[in-house]
Amino acid sequence: MANLDLPTTLGALRSSEYTPERVGRSVKDELRDNLIVRLRTVAKTKEPLFPGIVGYDDTVLPQIVNAVLSRHNFILLGLRGQAKSRILRSLTTLLDAYAPYVAGSELRDNPYAPLSKFSRDLIAKMGEATPIAWMTPEDRYVEKLATPDVTVADLIGDVDPIKAARSGHELGSELTMHYGLLPRANRGIFAINEVPDLAGKIQVALFNIMQEGDVQIKGYPVRLELDVAIVFSANPEDYTARGKIVTPLKDRIGSEIRTHYPESLDEAITITEQEAWTARSYAPGDTVIERIEIPHYIRQIVEQIAFSARDEKKVDKRSGVSQRLPISTMELVVSNAERRALIHSESVVVPRVGDIYAALPGITGKIELEYEGEMRGADTVVREIIRTAVAMVFDQYFGGVNTQQIEQWFNLGGTVQLNDAQPSAGSLAELHQIQGLFEKLAPLHITAKSAPEVAVSAAEFLLEGMTAHKRISRTEERSFSAAEKKSRNEQAAQYAERIREREFEDSPKNRSRRGFN
């Protein structure tokens with residue numbers, strides 16, 4: 001323990017600032033009191049209420065504040081990758097820096113009001129000399145991922161025959177119990193992730209112990225007046241559709257708070273910048289890399305991939321698209337750019353759009369596809385999503401830029417290849433052949449003094465955007481050329497598709513549906 005001034009015996013504790021009133025507060029009262037102090041501090045300093053939680057200031061966090069002020073057990077409902085677990089862990093910042101308990105107690109008993117027979121017997125025997133240990137906020141947080149195979153013994157406890165045999169106590173004695181996670185979380189926060197996956201009888205045992213303070217273990221009644229703040233998380237699909245939370249437990253959850261994905265690209269970029277491992281270091285003399293420079297449009301495209309995937313009809317909406325997708329993608333994008341820089345001994349690592357395509361393994365594993373998507377194949381669907389994201393970000397920078405001069409250069413037979421096999425200086429020289437290309441890069445602040453790595457990345461972004469809009473074409477080997485002319489059959493198919501869409505929009509059924517919505 002870093003703080004050596006903390007009392008180590010019950011007698012010393014009685015004469016310290018840790019009075020029975022302070023130590024005897026319930027966990028929920030402690031959370032409430034400290035939250036009140038935090039709210040006043042935040043109002044003055046403008047610091048975040050929960051550091052690291054982005055995008056919830058006006059939605060989720062006010063509801064969490066209300067739940068804590070109300071001393072509620074609460075549940076967070078949200079799809080994967082919406083920071084539910086991080087929010088629950090952040091609750092520890094509202095606990096006292098140190099909390100005393102009877103040393104050796106499995107239930108972390110309050111020295112002034114011991115719960116277990118072990119602590120009561122110890123205090124009766126040693127009196128003021130009873131040893132005191134201390135808990136930090138991290139020690140007072142217990143988390144359990146709910147799975148169908150979780151048992152009452154895991155959560156509540158079980159009779160330990162070996163302990164009974166060694167101690168000579170009867171099996172029904174409290175001293176023969178091996179306590180589970182919930183009793184060991186006494187005087188702390190107990191978090192259960194994905195609570196609907198718990199079997200019904202486990203939920204009933206959980207409800208009994210948290211509401212009534214009693215439970216039966218192997219036929220022996222056990223009464224434990226635990227002091228625990230219990231919080232839950234769940235996927236809304238499991239919680240509402242499958243309905244696997246038993247009614248008594250559901251009724252005792254004070255607040256139901258729904259989380260969500262970032263609502264803007266800027267929020268999503270902030271989260272990924274905070275979580276992704278992009279600030280990489282190198283041992284002195286090992287490489288020539290001086291810095292990693294990630295263009296803002298690359299960050300925007302990576303985040304837009306997640307936004308586009310959430311709107312893509314071939315992606316399963318019930319599963320969601322985790323915010324871990326852009327985090328993993330950004331790390332792979334930087335790694336591919338890093339690999340290219342190491343191969344060519346370049347001093348600056350600058351990711352390109354091509355590096356995003358190289359990060360496909362970080363995307364395909366993060367999405368669940370509908371039947372149509374499965375038929376198309378994950379790689380094909382993800383490539384379409386990337387192209388959509390590139391086109392949307394491209395329009396933000398080059399929406400009003402005339403690219404006909406560049407298109408004409410390709411239409412006259414010009415081609416250019418951009419891949420990892422050549423250094424940035426070589427790619428830059430090849431790109432300078434394209435008439436009017438670099439003049440169009442003014443929105444990206446590219447000048448003649450820009451580093452080759454930066455200039456090539458910007459030029460590739462422009463060409464990829466034109467490819468996404470089908471103004472030019474590109475092969476899988478990253479060779480850019482003139483746009484492929486559509487055959488009569490392709491033109492007819494597209495025309496027929498537009499007709500079908502128009503007929504659907506004008507159909508009476510669809511008009512009535514739009515009116516209803």
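The expected span of a helix is 1.5 Å times one less than its number of residues. Keep that rule at hand for the opening stop on this tour of a predicted model.

**Helix α19**

Select residues 378–398, which make up helix α19. With 21 residues at 1.5 Å a residue, the helix should span 30 Å, and the C-alpha atoms at its ends are 30 Å apart, so the two values agree.

Now colour the buried residues of α19: V381, V382, E384, I385, I386, A389, V390, A391, V393, F394 and F398.

**The aromatic rings**

Nine aromatic pairs turn up in a search of the whole structure. Start with Y297 and F461: their ring centres are 4.6 Å apart and their planes meet at 5 degrees, so this pair is stacked.

Is F461 buried or exposed? Its relative accessibility is 0%, and buried means under 20%, so F461 counts as buried.

Next, show Y297, F394, Y397, F398 and F461 together; ring pairs link them into a cluster.

**Two charges over rings**

Select R310 and Y261. The charged end of R310 sits over the Y261 ring, 3.9 Å from the ring's centre. Then move to R474 and Y357, where the charged end of R474 sits over the ring of Y357 at 4.9 Å from its centre.

Finish at strand β1, residues 74–77. Which way do its side chains point? F74 and L76 point one way, I75 and L77 point the other way, and all are buried.

Show β10 (residues 228–234) beside β1: the two strands run parallel and are joined by four bridges. The bridge partner of F74 in β10 is V231. Then show β11 (residues 255–258), which also runs parallel to β1 and is joined to β1 by four bridges. In β11, the residue opposite F74 is S255.

Technical notes
Residues are numbered from 1 along each chain as its sequence is written. This is a predicted model: local features need pLDDT of at least 70, side-chain atom pairs count only at pLDDT 80 or more; totals for chains, interfaces and linings use all residues. Side-chain values use heavy atoms; hydrogens and water are left out. Buried means under 20% relative accessible area, exposed over 50%, partly exposed in between (1.4 Å probe, protein chains only). Rings of Phe, Tyr and Trp (its six-membered ring) pair if their centres lie within 6.5 Å; planes under 30 degrees apart count as stacked, over 60 as edge-to-face and the rest as tilted. A charge sits over a ring if NZ of Lys or CZ of Arg is within 6 Å of the ring centre and within 35 degrees of the ring normal. Two strands pair if DSSP finds at least two bridges between them.
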